[in-house]
Amino acid sequence: MLPALLLLLLPALSPVLAWIPVEDWESGNVTASVSESGQCVCHVFLPDTTFPADRVEHMQEVTKDLMLEVEIQMNKIVGFEAKLAVYLQDLTELTIRVNILESSPDKYIKLDFELLRIELREFEALVSQLKNSLNSSSPIFDSLYTEIHNMTLIVNQLESYDESNLAVFRIELAKLQKKLEDCQKEQELINPDIGNCNHTGILALGKPMVLQLNAHLTPGSIYGGWGKDSKPLRGSESMYFFGAYSSPSISDFYLYSNYDKLILRSAFKHHRTPNGWAGLGSNFIVHGNSLYYQRNSPLSMAKLNLTSSTYDYRVISAASSKFSYSYSASQFLDFAADENGMWVMYASEASKGKIVIAKIEEKSFGVEDQWNTGVFKEMVGNSFMACGVMYATRSVDVATEEIYYAFDTKTKEEKHLSIQFQKFQDKYTNLDYNPTDQKLYMYNNGYYVSYNVKFDKE
C-alpha cells in the first residue's frame with residue numbers, strides 16, 4: 001500500500017524533491033505516520049516555490065551600471081595619462097626656464113614671472129583634478145604638490161631679488177625710448193626749411209616749449225608778447241623782444257641781445273612809449289628793426305624804429321573797435337609777418353565782424369591790398385600768417401587749442417581745418433609766426449611758450 005501511495009505522490013512531490021535532499025526527508029521537513037485505518041500518511045512542509053526574478057534583474061542592472069562606470073573611469077585614466085604626459089613635459093620645460101632665470105637674472109622682465117606663476121597655478125589645478133578624479137592619495141601627488149610649491153617660491157624670490165634694480169631700470173629705459181621716439185618725430189620740426197613755401201600748408205605743431213615766467217616774474221602780467229625780429233638786421237638775428245602788462249594798455253618794451261640774456265632778464269635796451277603814443281592790445285611784433293603795435297588814440301597802426309626811437313602811425317579807417325579776439329579785449333589790429341612780408345588783420349562794420357587781411361607796404365607804411373575772410377573775429381582765439389595764409393585758432397578745452405580755419409591770399413580760398421596742439425595755460429594774448437625759424441611764439445598767461453611748425457610738403 002505504501003509503495004503505491006508514494007508512487008502516486010511522487011509527481012506532486014517532484015518539484016519539492018528537487019529542492020529537498022534525501023537526507024532531509026527525516027529532518028523535520030517530511031514526517032510520516034499511520035492513520036487509524038492503517039493507512040500511511042506523509043506530511044511534507046514545502047518552502048516558497050516563487051523564483052526571485054526581480055532581484056536577479058536588479059542585480060543585472062547594477063552589474064551593467066558598474067561595468068559602464070568602470071569603463072568611464074578607465075577612459076578618464078587614459079585621458080589623464082595623456083594630459084599628464086603633456087603637462088609633465090611642460091613642467092620640465094618650465095623647470096628649465098626657471099633655472100635660466102635663476103642663473104641669468106639680467107634676462108628677465110616682470111611679465112616673465114607673471115606667466116610662470118600662471119602656468120604653475122595651472123599645473124596645481126591639474127594635479128588636484130587628477131587626485132580628486134582618481135580618489136587617490138598617492139605619494140606621487142604629494143611629490144608634485146611639493147615640486148610646484150618649491151618652484152613658486154623660487155619664482156617669487158627671483159622677482160623680489162633685484163640686486164641691480166633691473167625692473168626700475170627697464171621702466172626708465174622704456175620712458176627714455178619713448179622720449180627718443182618723440183624727439184625723432186620732432187626732428188623734422190627742429191630742422192625746418194627756412195624761407196621755402198613749396199608746401200600745402202601747416203600739417204602739425206610740435207609740443208609747447210615753455211621757457212619760463214616773464215621777465216617781470218609776475219603771474220599777473222597776463223597781457224603782452226615776446227619773440228624775435230621776423231626780418232632782422234645783420235648782427236641782430238639773435239635779438240628778442242618782450243613786453244608784459246597787467247592790463248591791455250601798452251607802455252614799454254624790452255630788447256635782449258640773445259636767448260641767454262632773455263632768460264637772465266638782462267635787457268640791453270628799454271623803450272618807454274611817450275605821451276600820446278600809448279598802445280593797446282597785445283598784438284605787437286618786431287619786423288625790420290621796427291616794432292609795430294596798435295596805437296590807442298587815434299586807433300591806428302604805430303611804428304617804433306628801435307634804432308632811432310622815432311615813431312610813426314597810419315590810420316585804417318575801416319578798422320572797427322567793436323570786434324576783438326575771444327581771449328582778450330582791445331585787440332582790434334593784429335600785426336603779423338611771414339615769408340611774404342607784413343600784414344595786419346582787423347574786422348570792420350562793412351565786413352560784419354569778419355576778419356579782413358591787409359598787406360602792408362613797408363616803405364610807405366600803408367595798405368597795398370586786402371582780402372575778406374569768412375571767419376568772425378569774435379569767434380577766434382587768435383590768428384597769424386604763414387606763407388601768405390592766415391590761420392585762425394580756437395579753444396577745444398583748457399589744455400588744447402585748434403587751428404580750425406585758413407585763408408590763402410594767393411588763391412583766395414578758405415579751408416576748415418582741425419590741427420590741434422597743446423596749451424600750457426588756458427588763455428593767451430599773443431600768437432605770431434616767425435619765418436626766420438618757422439616757429440610760433442605765444443605769450444601764454446604770463447609765460448614764454450613756443451612751437452615748432454611742420455608744413456605738409458607732399
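**Close-up views of a predicted model**

**View 1. The lining of the largest cavity.** Twelve positions are shown here: Trp226, Gly227, Lys228, Ser230, Phe241, Ile285, Val286, Ala337, Asp432, Tyr433, Asn434 and Tyr441 line the largest cavity. Two or more lining residues come from each of strand E5 (223–228), strand E11 (285–287) and strand E23 (430–434). Sorted by class, the lining consists of seven nonpolar, three polar and two charged residues. The space inside the largest cavity is about 90 Å³. In total, the structure has three cavities of 30 Å³ or more. The model is predicted, not determined by experiment.

**View 2. The largest nonpolar core.** This core has 20 residues, and the members that touch the most other members are Ile202, Phe384, Tyr391 and Leu440. At least two core residues come from each of strand E3 (202–205), strand E19 (382–386), strand E20 (389–397), strand E21 (400–408), strand E22 (413–422), E23, strand E24 (439–444) and strand E25 (447–455). E25 gives the largest share, with four residues.

**View 3. The surroundings of Phe384.** Leaving aside residues up to four places away in sequence, Phe384 touches Ile202, Met345, Val389, Met390, Tyr391, Thr393, Ile403, Leu431, Asp432, Tyr433 and Leu440.

**View 4. The aromatic pair of Phe242 and Tyr443.** The whole structure contains 20 aromatic pairs. In the pair formed by Phe242 and Tyr443, the ring centres are 6.5 Å apart and the planes stand at 50°, so the pair is tilted. Phe242 belongs to strand E6 (residues 240–245) and Tyr443 to strand E24; the two residues are 201 residues apart, and the pair links distant parts of the chain. Phe242 is buried, with a relative accessible area of 0%. Tyr443 is buried as well, and its relative accessible area is 0%.

**View 5. The aromatic pair of Phe253 and Phe284.** Phe253 and Phe284 form an edge-to-face pair, with 5.2 Å from centre to centre and 80° between the planes. Phe253 is in strand E8 (residues 252–256), while Phe284 is in the loop between strand E10 (279–280) and E11, so the pair ties together parts that are 31 residues apart in sequence. Phe253 and Phe284 are both buried.

**View 6. A cluster of aromatic rings.** Trp226, Tyr240, Phe242, Tyr254, Tyr259, Tyr441, Tyr443 and Tyr448 are linked into a cluster by ring pairs.

Methods: Residues numbered from 1 in each chain as written. Predicted model: local features only at pLDDT ≥ 70, side-chain atom pairs only at ≥ 80, totals over all residues. Heavy atoms only, no water. 1 Å grid on protein atoms, 1.4 Å probe; cavity = no way out; pocket = protein on both sides within 12 Å on 5 of 7 lines; lining within 4 Å. Points joined across faces, edges and corners; volume = space filled by probe spheres on them. Nonpolar A, V, L, I, M, F, W, Y, C, P; charged D, E, K, R; others polar. Core = buried A, V, L, I, M, F, W, Y, C linked by side-chain atoms within 4.5 Å. Buried < 20%, exposed > 50% of the residue type's maximum accessible area, 1.4 Å probe, protein only. Contact = heavy atoms within 4.5 Å. Phe/Tyr/Trp six-rings, centres within 6.5 Å; stacked < 30°, edge-to-face > 60°.
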